[in-house]
Amino acid sequence: MLLQSVEGRYLCPQGSFEDKIYMSLYAMSRNDIVASFQMRVKGDFDDRAIFARNSYNLQYFFQEATTMTQTVEQWDVFEQAFLSSDAGNPDQDISLEAQFTHQDRIFRVEGFYDGNATHKIRFMPDQPGEWTFTTSSNHPALNGQTGRFQCAPAKPNNHGPVRVANQVHFAYADGTPYIPVGTTCYVWNLQGDELEEQTLASLENAPFNKMRMCVFPKRYRFNHNEPPCYPYPGEVTIPWDSANLDNLRALPAAPFWDFERFNPVYFQHLEQRIRDLRDRGIEADLILFHPYDFGAWGFDRLPPAARERLLRHLVARLSTFRNLWWSFANEYDFVLDRSMEDWDHDMQLVQTLDPYNHLRSIHNCFTFYDHSKPWVTHCSIQHGHLDLVPVWLRQYAKPVVVDECGYEGDIPLLWGDLSPEELVTRFWIGFTSGGYVGHGETYLNDREELWWSKGGKLVGQSTARIAFLREIIEQAPGGLLPLKQTDGTQPGPAPELFDHPEVVRTLIPEGLWNMEAGGYYQTDYFLLYFGMHQPRLRNFNLPEGRFQIDVIDTWNMTIQHVAERAHDKICVDMPTQKYMAIRIQRVD
């Protein structure tokens, strides 16, 4: 029992608080806990070694009293807190693990220190029924603790973690298809509550179901503010030298931080924002490292031992959130103190530690990481040429997510001054080619609150068109494969996946090259995009059966039905304007 494991030493203020504890415990009608507690509290109240410092710690007694009947939803978070010690360095001095069991299935997880003389174990049950756990620790108060809880079936809006499905697409754990329509707000979670709440309000009315965000603060153009707090104990004592902007080799002016321990408040806030996204149906694509420090803090240069401690802490603390993805770096090739072996090690470590096998990726600037490595679940790519999506699909035979194709905005940087029409075009090319594309917005304002980094308000014109595209893609009967063939010089690990049936190869009489981009699902569904081209008409050789044909204006967001039961050969009239698409879908 939890109360039988704190060595008879509690920190309670003398006086009426003792009576309040007795009254609360009595109300729980758990005589065995009361007896255990009385034996210990009647000891020396002046010996204040372990019991937590404020009355909120009464929650632990309630937790223990209700463990037998606690119910946790499938793919939700079970948490058990234990009073431990804050002496020395509890982040490193005290180890805590737990083994969770359901029928013949066993999971092992690590615990973590969460401040206030408290260690925690978290677990995400994936099957309904009774689960039990047993702890092991080098601290006597934490060793051999046991408990149980009931896992209830998931509610309708809870589909579980996202997994790779059908080799190049995604689905939730319950089989529901997941189509990532992402956006980037690198450090929205480090801007203070007012702006962060505004970001969440903006997301309520946006089409995005994935958010790229960082663990560490960012120093860059339009990012000169300090975060509300820091991940490690310490403080910035020397102002940042702005001459270091763009200097990837810059070092901090002084050793500001104690990398031997964590600041729990920082990580508690991070997990709250991940939880906020989860409650809105948004995946948190968490960027663990990035190069944009420029000597402001030195978080891009963690010593190897500190880096491993961080990864272990993040897995123990955050992996129980079903909406979590691991992104090991933004522009990994700019983090100059890491070798390829370092990146391999970090990804394999998290793969080993994470019992839930969350998605894992790593993002490039110029040089691709080798996405074919087995610990990479999908390709996270920065590139402006979305017509290469079929090449990458064939090369890696994994989902391709172009998380950064450029941003809609007006800043004086090439990657952040795309017109909304250009960004929407890139989205259509990427999605119709069987991949996925990410959004970003970089419009200047006096407050330097650009969505791509700090969040706030969405002001661009692409968002509504992306929502329109998402609806169309979600209406498809399955994940698309690219119509355009690659040159075949890189057949990839699954060439059969991209071999078109004869009826697909002959869909367009002139050949499948005769379009900007296009995708198909079996012989039932075709979606073709023409971009800047403005054809007056298009001819098709339809597969056997009857098909509905729609002409889609992707910019004005309209759909015109031009044929209800087309078959054999057909000529489709088009309005001779750009940004048009044609959808062909089987009706019988």
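**Close-up views of a predicted model**

**View 1. The surroundings of Arg 317.** Leaving aside residues up to four places away in sequence, Arg 317 touches Phe 112, Tyr 113, Asp 114 and Arg 122, and it also touches Pro 264, Phe 267, Gln 268 and Glu 271. The model shown here, as in every view below, is a predicted one. Arg 317 itself belongs to helix 7, which covers residues 304–318. Because its relative accessibility is 0%, and buried means under 20% relative accessible area, Arg 317 counts as buried.

View 2. Rolling a probe the size of a water molecule over the atoms shows where empty space is left. In this structure there are six cavities of 30 Å³ or more, and the largest cavity has a volume of about 70 Å³. Its lining is made up of Val 109, Glu 110, Arg 122, Arg 312, Val 315, Ala 316, Ser 319, Thr 320, Leu 353, Pro 355 and Tyr 356. Strand 4 and helix 7 each supply at least two residues of this lining, and helix 7 gives the most, with three residues. Sorted by class, the lining of the largest cavity has six nonpolar, two polar and three charged residues.

View 3. Strands of a sheet pair through backbone hydrogen bonds, either parallel or antiparallel. The open sheet seen here has five strands in the order 1-8-7-3-4, and its pairing is mixed. Strand 1 (71–73) and strand 4 (105–110) are the edge strands, each of which pairs on one side only. From one strand to the next, the twist averages 30°. Strand 3, which comprises residues 96–102, runs antiparallel to strand 4 and is joined to it by six bridges; within this pair, Gln 99 stands opposite Arg 108 in strand 4.

**View 4. The hairpin of strand 9 and strand 10.** Strand 9 (residues 162–165) and strand 10 (residues 169–172) run antiparallel, and four bridges join them. Across the pair, Val 164 stands opposite Phe 170 in strand 10. Three residues lie between the strands of this hairpin, in which Asn 166 takes a positive phi near 50°.

**View 5. The largest pocket.** The largest pocket holds about 530 Å³ of space. Its lining consists of 25 residues, and those that lie nearest its centre are Glu 331, Cys 365, Gln 382, Glu 404 and Trp 415. By class, this lining of the largest pocket has 14 nonpolar, seven polar and four charged residues.

**View 6. Val 504 and the residues around it.** Val 504 has its place in helix 13, which covers residues 502–505. With a relative accessible area of 0%, Val 504 is buried. Not counting residues up to four places away in sequence, Val 504 touches Leu 483, Leu 512, Tyr 520, Gln 522, Thr 523 and Phe 526. Although Val 504 and Asn 541 are 37 residues apart in sequence, they are 9.0 Å apart in space, C-alpha to C-alpha.

**View 7. The protein chain as a whole, for orientation.** The secondary structure of the protein chain comes to 13 helices and 28 strands. Of the 588 residues in the chain, buried residues make up 57%. Among the contacts with a separation of 6 or more, 72% are between residues 24 or more positions apart.

Technical notes. Residues are numbered from 1 along each chain as its sequence is written. This is a predicted model: local features need pLDDT of at least 70, side-chain atom pairs count only at pLDDT 80 or more; totals for chains, interfaces and linings use all residues. Side-chain values use heavy atoms; hydrogens and water are left out. Two strands pair if DSSP finds at least two bridges between them. Axes are lines fitted to C-alpha atoms, for helices over the stretch in contact, and angles run from 0 to 180 degrees between N-to-C directions. Buried means under 20% relative accessible area, exposed over 50%, partly exposed in between (1.4 Å probe, protein chains only). Contact means heavy atoms within 4.5 Å. On a 1 Å grid over the protein atoms alone, a cavity is a set of points where a 1.4 Å probe fits but cannot get out, and a pocket is an open set with protein on both sides within 12 Å along at least five of seven lines; lining residues have an atom within 4 Å of a point. Grid points are joined across faces, edges and corners, and a volume is the space filled by probe spheres set on the points. Ala, Val, Leu, Ile, Met, Phe, Trp, Tyr, Cys and Pro count as nonpolar, Asp, Glu, Lys and Arg as charged, and the others, Gly among them, as polar.
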